[in-house]
Amino acid sequence: MKAILYKDKKPVLCELPRPEPQDGEVLIKVHAAALNRADLLQREGNYPPPPGVTQVPGLEVAGTVEACPSGKLKKGEKVCALLPGGGYAEYACISEGMTMPVPENLTMQEAASLPEAFATAYLNLFGEGNAKAGETLLMHAGASGLASVVIPMAKVFGLRVITSVLSEEKKRAVAHLGADAVIDTSRESVPAFLKREAERGHPVDIAIDCLGDNMLGESLPYVNRGCRWIVIATLAGDLTEIDLRNVYMKGIRLIGSTLRSKPQAKKEEILAALVKTVWPKIGAGLLKPTVCAEFPLEEAEAAQQLLYDGKNVGKVVLNL
């Protein structure tokens, strides 16, 4: 089968043996694979696959069942799946519990954009963040693939949403996501904006932060009591300075979170919750992933370059 491997930090198209499903597994004929920032980190050598997992990158796919030894899934059935790796390939093998049915009215490209992003969104909004209707969420990097899921998901469940972007152009590009407020960081700092929001009665209750850097510590004076500040990456910088008085006086919880490191049983629990609580909203047309660009598998490098350059608004997908 055709698959991508990293060689000298470059994605290279290779021929690899097709994986064979064992008991409790399913073999998927991949139709589309979505890209994630984790793919770039793996490419740079900073986010290796878990022990025993293929070196082929790719954490989320959609396709059809090719084989399932248990018979629980039938050949030809449309599924999307959360993978520990292996998505950039014509076939992917995964435990049955890591698959989900493709929601009605979605293309394979849209379905491929669901598993990693929607599971990460659900984990951090409702698992780590314990989000409730009426609360205010800060979601950084509003033009990212994850934000394109988190923002509408939070809105569907009744939260008020603030997001941040790098320019006026990006602000216009994310308008369709429906955030209540958008910070253009080329014109105003995040802490200054949050200070004004707090004075208007909208202090942040939950933050999903993929940036880190000095902005984190400088923002904490303006969040609500009991704020859950969830750090999922530090793309802007690993270090920040925190006045710990804000932490204990306001009962702020600083939470580190990654989906990939969670035990499989926890991931299966998250996927089951998605199918139960979120899939009906997708089926009703209330929630839909944003696919901004599609590339063939052999153009994986060009596809990843969109993420490196920050030019994507939503998900980038490889077609197989």
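# Close-up views of a predicted model

View 1. An open sheet of six strands is arranged in the order β10-β9-β8-β11-β12-β13, with parallel pairing; two strands pair if DSSP finds at least two bridges between them. Strands β10 (181–184) and β13 (253–256) stand at the edges, and each has a single partner strand, so one side of each is left without a neighbour in the sheet. From one strand to the next, the twist averages 15°. Helices (H or I, at least four residues) and strands (E, at least two) are DSSP runs, numbered from the N terminus. The model is predicted: local features need pLDDT of at least 70, side-chain atom pairs count only at pLDDT 80 or more, and totals for chains, interfaces and linings use all residues. Residues are numbered from 1 along each chain as its sequence is written, and side-chain values use heavy atoms, with hydrogens and water left out.

**View 2. Strands β9 and β10.** Strand β9 (residues 160–165) pairs with β10 in the parallel sense over four bridges. The bridge partner of V165 in β10 is D184.

**View 3. Helices on the sheet.** Helix α3 packs on the sheet and touches β8 (136–139), β11 (204–209), β12 (223–231) and β13; contact means heavy atoms within 4.5 Å. The direction of α3 makes about 145° with that of β12. Helix α4 (residues 147–156) lies across β8, β9 and β11 and runs at about 175° to β8. Axes are lines fitted to C-alpha atoms, for helices over the stretch in contact, and angles run from 0 to 180 degrees between N-to-C directions.

**View 4. Helix α3 against helix α9.** Helix α3 (residues 115–128) and helix α9 (residues 264–283) pack at an angle of about 100°, and their axes are 10 Å apart. The two helices α3 and α9 are therefore roughly perpendicular to each other (angles of 65 to 115 degrees). The contact is made by F118, A119, Y122 and L123 of α3, together with residues of α9 including I270, L274 and W279.

View 5. Of the 14 residues of α3, 12 are buried, so the helix is largely enclosed by the rest of the structure; buried means under 20% relative accessible area (1.4 Å probe, protein chains only). Among the buried residues are E116, N124 and E128. Helix α3 is followed by N130, whose phi is positive, near 50°.

**View 6. The hairpin of β1 and β2.** Strand β1 (residues 2–7) and strand β2 (residues 10–15) pair in the antiparallel sense over six bridges. The bridge partner of A3 in β2 is C14. The hairpin has two residues between the strands, and D8 takes a positive phi near 55°.

Note on methods. Parallel < 35°, antiparallel > 145°, perpendicular 65-115°, else oblique. Buried < 20%, exposed > 50% of the residue type's maximum accessible area, 1.4 Å probe, protein only.
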